[in-house]
Amino acid sequence: HFHAGLGSIRDTVSGFQSESRAAIAGGFTTVRAHLIIGEEGKDGYSSIIDKIINEIRKVSLVDFSLNPMIGTVQQVDDMERLIKRGINSFKIYYSAYKGEEGRKLGMIIDENISQVVYRAMEIASKYKQVRLIFHAEDGDLVNFFTEKVQNTKTKRNISPLRLFSLARPSIAEAIKINELGVLANFFGTKIHIAHISSKMAFDSAREWKNKGADISVETEPHYILLDNGMWRSIGVYGKVNPPLRSRSDRKFILQMVTRRMIDCIATDTNPFTKEQKENGTSKFGDIWKAGPGFDNIQLVLPLLITKLVKTNIVALPDLVWAMSERPSELFSMVNKGKISNGKDADIVLLNIKKSTKVTDEILERVPGIDWQIFKNSILSGFPEVVIRQGHIIYENNKVEITEKGGFVPSPVVAEMHPS
């Protein structure tokens, strides 16, 4: 779950150029990037997908797969051509970003998005290795609660991060996940719920998994390490969709990680500059104007090692499972995820006992460096050596590249369900 750029092919390729360097420095050898290219992709991707892959190959320092966004009838009609090209996952925002909010980010979503989703479910159900990724927030509920929160007279007594969480409440996640669970169970489709942020959302996904639906779930470091009571320290930089939740939600999500009941920890990297993040406001300015998301990929591994592994909250094998082994299994990346015969020799060497201060000098120049909320923190577990496919690509705090990363296609096998 990784955004290299939003809105155009050019932004996506440019994002790969900088974010892939940060990914290597953060210990990532492979990323799965959402493909959100606005008007350039609204009529489908099959005619331009080879061009996109080749352009990314020229600049990416990591191996990569793509999750094209599905929001229009033309895009869903294009799915099977992309599946035959080795693309086995697609990102669907459903009703979360309908209208102008989504268009500003390059997300074009048809008014009849429900019909698009039903068709995508039907197509994906025919293929064993295809899994649909959903941003599960009900847009109508979000609009209802946002209007209510913005008009309330008592909002001055509530911190902006808590207000924002009330405007996009957990019930908006849970109701949408429940709907997706019904559909996945009916069609027999494999689905993946991105960025679970709350107990209510998790419980909804778990209920349908217990009923037999093939549902996997992920969370992000910010839902484990941050909560909506931290306004005074992080301000609008803590804005993300779905929002940061309560401290009790944060503790619950972490507990599920320790039990391997959450399948993946993803970064949800979003390369906003400080100007884009603040969007005309300031660190402690208008939460409604600020951009959502974190530009965090270089610090995710050391953050989780420092905050969770070194404190004996999460065992290192469980962290490896959630960040490498399980994601590779879910998305059929057959040569990734483990160290064993026949796999790509992707290895990260790190020293958990060594601590480093987070400064501009050690950070790669990504758009979010100027508003990095963990700057000046003392963290452990920074990668010392990163090996991709048997070649050292990072050592002595330097990216050492002899050849660029490559596209990782999925071996797709049709699994036709009887009609």
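1. Let me start with Lys-354: with a relative accessible area of 41%, Lys-354 is partly exposed (buried is under 20%, exposed over 50%, partly exposed in between, using a 1.4 Å probe and protein chains only). Bear in mind that this is a predicted model, where local features need pLDDT of at least 70 and side-chain atom pairs count only at pLDDT 80 or more, while totals for chains, interfaces and linings use all residues. Residues are numbered from 1 along each chain as its sequence is written, and side-chain values use heavy atoms, with hydrogens and water left out.

2. What does Lys-354 form a salt bridge with? The partner is Glu-384, and the closest N and O atoms are 3.4 Å apart (a salt bridge being a side-chain nitrogen of Lys or Arg within 4 Å of a carboxyl oxygen of Asp or Glu). Distant parts of the chain are linked here: Lys-354 sits in the loop between β8 (347-350) and β9 (355-357), Glu-384 in strand β11 (residues 383-388), 30 residues apart. Helices (H or I, at least four residues) and strands (E, at least two) are DSSP runs, numbered from the N terminus. Glu-384 is partly exposed too, at 32% relative accessible area.

3. Next, Lys-375 and Asp-360, whose side chains meet in a salt bridge at 2.8 Å, N to O. Both residues lie in the loop between β9 and β10 (378-380), 15 residues apart. Lys-375 is partly exposed at 24%, and Asp-360 also counts as partly exposed, at 32%.

4. Pro-367 is in that β9-β10 loop as well, and is partly exposed with a relative accessible area of 24%. Setting aside neighbours within four places in sequence, Pro-367 is in contact (heavy atoms within 4.5 Å) with Ser-18, Glu-19, Pro-271, Phe-272, Thr-273, Lys-274 and Asp-295. Gly-381 is 14 residues from Pro-367 in sequence and 23 Å away in space, C-alpha to C-alpha.

5. One more pair to look at: Lys-98 and Glu-111 form a salt bridge of 3.8 Å, N to O. Lys-98 is in the loop between β3 (89-92) and α5 (100-104) and Glu-111 in the loop between α5 and α6 (113-124), so this pair ties together parts 13 residues apart in sequence. Lys-98 is partly exposed at 32%, whereas Glu-111 is exposed at 66%.

6. How many salt bridges does the structure hold? There are 27. Asp-63, Lys-336, Asp-344, Asp-346 and Arg-388 are linked in a network of them.

7. On to helix packing. α1 (residues 9-25) and α2 (residues 49-59) pack at about 25°, their axes 9 Å apart. Axes are lines fitted to C-alpha atoms, for helices over the stretch in contact, with angles running from 0 to 180 degrees between N-to-C directions. The two are therefore roughly parallel (under 35 degrees; over 145 is roughly antiparallel, 65 to 115 roughly perpendicular and the rest oblique). The contact is made by Ile-9, Thr-12, Val-13, Phe-16, Gln-17 and Ser-20 of α1 and Ile-52, Glu-55, Ile-56 and Val-59 of α2.

8. Finally, the axes of α6 and helix α9 (residues 170-187) come within 9 Å and cross at roughly 40°, so α6 and α9 are oblique to each other. Val-117, Tyr-118, Met-121 and Glu-122 of α6 meet Leu-180, Leu-183, Ala-184 and Phe-187 of α9 in this contact.
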